[in-house]
Protein chains: 4
Amino acid sequence: MQNIVILAGNIGQDPETRNTQSGTSITHFTLATSRPRYSEGKVVRDKDGYRVQDTEWHRITAFNGLGKTIQQHCEKGMKVLVRGRIHYTKWTDQQGVERYGCEIIAETVDFLSRAKQTQNEDGKFIDDDDIPF
Amino acid sequence: MQNIVILAGNIGQDPETRNTQSGTSITHFTLATSRPRYSEGKVVRDKDGYRVQDTEWHRITAFNGLGKTIQQHCEKGMKVLVRGRIHYTKWTDQQGVERYGCEIIAETVDFLSRAKQTQNEDGKFIDDDDIPF
Amino acid sequence: MQNIVILAGNIGQDPETRNTQSGTSITHFTLATSRPRYSEGKVVRDKDGYRVQDTEWHRITAFNGLGKTIQQHCEKGMKVLVRGRIHYTKWTDQQGVERYGCEIIAETVDFLSRAKQTQNEDGKFIDDDDIPF
Amino acid sequence: MQNIVILAGNIGQDPETRNTQSGTSITHFTLATSRPRYSEGKVVRDKDGYRVQDTEWHRITAFNGLGKTIQQHCEKGMKVLVRGRIHYTKWTDQQGVERYGCEIIAETVDFLSRAKQTQNEDGKFIDDDDIPF
DNA sequence: TTTT
DNA sequence: TTTT
């Protein structure tokens with residue numbers, strides 16, 4: 001049954017891609033979504049008059065082709081819209097403590113800012129077919 | 001910017017509600033979403049021929065009025081559709097280790113199964129106005 | 001840029017499938033979504049005390065494989081969850097008047113009720129691999 | 001049951017607001033969402049090498065406070081993210097022909113471009129509290 | 001821990 | 001035209 005996430009926000013760090021032994025490539029980046037804090041129906045401001053924002057930092061994971069497109073065309077600061085699903089992870093850390101994590105597996109990514117252009121080794125720009133807009 | 005989650009699944013345990021010192025009530029329940037596992041584009045089956053499902057267990061939080069409606073009308077096994085947002089939490093456990101969590105703050109809940117009816121102390125059923133269908 | 005629709009509701013009529021000359025198959029069904037009517041923050045009731053519902057009837061279109069799964073496993077009255085996108089259509093009617101329509105192109109359909117089972121010509125049930133749960 | 005729409009796109013014309021006799025204010029604007037056309041899994045290009053886009057023009061309706069915020073801070077060309085629901089309308093035109101329409105009732109609007117600033121009659125900028133970011 |  |  002459906003597990004759908006839609007996030008529009010800003011990329012926190014340049015994406016990173018690694019390859020697994022099985023040949024799958026995995027791309028990670030972080031995405032900030034913010035919303036103004038409300039208290040009793042009113043916007044909350046700090047002492048300098050700026051609105052207080054609550055920011056959530058999401059860890060986004062993309063595989064293979066979508067991951068490569070992200071690696072080539074996304075960078076820190078870009079605004080993107082991610083559609084995907086929530087996935088929870090569990091592992092044991094070096095102290096033997098059980099740890100839990102949560103990530104968003106991306107299924108589509110739309111660029112809300114101008115996409116970064118990446119040149120290939122031969123100096124040509126990567127084929128725009130990869131850019132989903 | 002938008003942080004939207006839509007989950008359709010089954011409730012794992014009866015909801016629990018507690019009240020904070022500030023007068024806010026907080027209701028929690030767990031929700032299972034499942035999807036068939038695919039490998040190379042094909043459904044994966046176990047040795048008995050049943051499809052393998054990957055289940056994600058989400059922790060859902062609802063406040064005040066919505067939480068009370070959930071407490072009164074939801075129970076283990078019911079199918080619901082939750083719309084909400086992702087919220088990450090961080091705390092220090094009793095061993096002094098930093099821990100991270102993830103929960104879904106519910107904004108609406110639709111009942112996809114028949115809602116549980118709860119009687120008040122006077123034996124009357126709680127007003128259906130609370131039930132969102 | 002994203003155009004995402006998520007609808008949970010009841011199927012109004014058995015789905016219908018037709019084939020185009022180009023070999024694409026197109027499946028249509030209607031889906032009702034309802035919400036209680038509110039006025040000044042309160043549920044509205046009719047003279048018999050029943051809550052007034054506002055129902056929207058959506059026209060859903062699915063192509064090829066997804067359409068065939070719907071044709072085989074969905075019927076009038078079933079509850080489904082559709083994810084898709086809005087598409088507007090325009091045509092000229094027999095009186096030469098320009099007409100506009102709106103349909104939801106389904107990308108995924110989850111069954112929230114028990115799926116209908118369809119027997120093949122040889123009396124066997126269609127392979128469950130088609131059923132998305 | 002849920003009827004959720006999420007659209008990210010560009011505003012086609014400056015919003016327009018009118019007031020009904022009952023005191024409700026209604027704001028309308030149009031929003032374009034585009035997606036590259038695919039044929040047999042490949043991007044389609046026109047004779048000049050540009051990708052062919054399919055654009056859907058959505059009619060967005062917002063009421064009262066949300067509508068006023070849109071009127072004050074949105075203009076043609078801005079990028080926005082709308083969350084809302086689909087609503088179908090029916091009316092009889094001047095020739096007595098039954099006509100059908102479809103609109104998106106906005107529940108939230110996020111600005112993906114810099115919001116337009118509007119001055120009040122006294123020359124002051126409208127309170128930023130209205131801007132949802 | 002749910003469900004089909 | 002569905003459903004509760």
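## What covers helix α1 in chain A

Helices (H or I, at least four residues) and strands (E, at least two) are DSSP runs, numbered from the N terminus. This is a predicted model, in which local features need pLDDT of at least 70, side-chain atom pairs count only at pLDDT 80 or more, and totals for chains, interfaces and linings use all residues. Residues are numbered from 1 along each chain as its sequence is written, chains are lettered from A and ligands numbered from 1 in the order in which they are written, and side-chain values use heavy atoms, with hydrogens and water left out.

Helix α1 of chain A spans residues 64-73, and its buried residues are A:G67, A:T69, A:I70 and A:H73. Seen down the axis of α1(A), these buried residues fall within an arc of 160°, so they line one face of the helix. The arc is that of the directions from the helix axis to the C-beta atoms. Buried means under 20% relative accessible area, with exposed over 50% and partly exposed in between (1.4 Å probe, protein chains only).

## Chain A as a whole

Chain A has 1 helix and 8 strands. Along the sequence, these elements follow the pattern β-β-β-β-β-β-α-β-β. Of the 133 residues in chain A, 44% are buried. Among contacts between residues at least 6 apart in sequence, 59% join residues at least 24 apart.

## Helix α1 in chain D

In chain D, helix α1 (residues 64-73) has D:G67, D:T69, D:I70 and D:H73 buried. The buried residues of α1(D) fall within an arc of 160° when seen down the helix axis, so they line one face of the helix. Their cover includes β2 (16-19), β3 (25-36), β6 (53-63) and β8 (98-111) of chain D.

## How chains A and B are related

Chain B is superposed on chain A by a rotation of 180° with 0.0 Å of shift along its axis, at an RMSD of 0.1 Å. The two copies are thus related as by a two-fold rotation axis. The superposition is by least squares on the C-alpha atoms of residues with pLDDT of at least 70 in both copies.

In chain B, the residue closest to the rotation axis is B:V5, whose C-alpha is at 2.2 Å. Of the interface residues of chain B, 100% are also interface residues in chain A, so the copies meet through the same surface.

## Around DNA strand E

There are 12 residues around DNA strand E, and the nearest are B:N10, B:Q13, B:T30, B:W57 and C:R114. A residue is near a strand if one of its heavy atoms lies within 4 Å of it.

An N or O atom in the side chain of B:N10 is 3.1 Å from a base oxygen of DNA strand E. For B:T30, a polar side-chain atom also lies 3.1 Å from a base oxygen of DNA strand E. β1 (3-11), β3 (25-36) and β6 (53-63) of chain B are the elements that give two or more residues to this surface.

## Around DNA strand F

DNA strand F is surrounded by 12 residues, of which B:R114, C:N10, C:Q13, C:T30 and C:W57 are the closest. Sugar and phosphate make up 51% of the atoms of DNA strand F within 4 Å of the protein.

Definitions and conventions. Contact means heavy atoms within 4.5 Å. A polar contact is a pair of N or O atoms within 3.5 Å; within protein, one must be able to donate a hydrogen and the other to accept it, and residues adjacent in sequence count only if both atoms are side-chain atoms.
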